[in-house]
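Dear colleague,

I am handing over the structure below, and after it you will find a summary of what was found. Please read the summary with the coordinates open beside it.

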Amino acid sequence: MGIRFIAVVLLVFLGFYLFKKYRKPSSVTEQQPSSNKMVACSTCKTHIPEDEAIMQDGKIYCSKECL
Ligand SMILES: [Zn+2]
C-alpha cells in the first residue's frame, strides 16, 4: 500500500463520479417528456401516471373499479 495505490483509487472514484455526473442529466431529460405525467381519477381523485390511466367518455379513471 503506497501513495500510488491511493492515487489510483482516487482516479477511479473521480472517473466514476464524473461518469455519473455526465450521465444523469441526459437520462433525466429523456424520461421527463415521455412519461411521469400525472392525471387525476374522476371517481376517487387518485393521481396516477397517464399511461396507466383508463380513458372513458373523456374522463380519466385509475382502475376498472372506478369506471
Ligand atoms: Zn379511482
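Ile60 has its place in strand E4, which covers residues 59-61. Please keep in mind throughout that the model is predicted. With 16 other C-beta atoms within 10 Å, Ile60 counts as partly exposed, because that class lies between the limit for exposed residues, 12 or fewer such atoms, and the limit for buried ones, 20 or more. Once its neighbours within four places in sequence are left aside, Ile60 is in contact with Val39, Ala40, Cys41, Ser42, Ala53 and Met55. For one of these residues, Ser42, there is also a distance to report: Ser42 and Ile60 are 18 residues apart in sequence, while their C-alpha atoms are 5.6 Å apart in space.

**The chain as a whole**

The chain is built from one helix and four strands, and from the N terminus on these elements follow the order α-β-β-β-β. Of the 67 residues in the chain, 4% are buried. As for contacts with a separation of 6 or more, residues 24 or more positions apart account for 3% of them.

**Confidence**

The average pLDDT of the chain is 86, and 81% of the residues score at least 70. Among the elements, the lowest mean pLDDT, 80, belongs to helix H1, which spans residues 3-34, whereas the highest, 95, belongs to E4, the strand in which Ile60 is placed.

**Two loop residues with positive phi**

Two loop residues deserve a look when you go through the backbone torsions. Lys45 lies in the loop between strand E1 (38-40) and strand E2 (47-49), and although Lys45 is not a glycine, its phi is positive, at about 65°. Having 9 other C-beta atoms within 10 Å, Lys45 is exposed, because a count of 12 or fewer puts a residue in that class.

With kind regards

Key:
Residues numbered from 1 in each chain as written. Predicted model: local features only at pLDDT ≥ 70, side-chain atom pairs only at ≥ 80, totals over all residues. Contact = placed C-beta atoms within 7 Å. pLDDT = per-residue confidence, 0-100.
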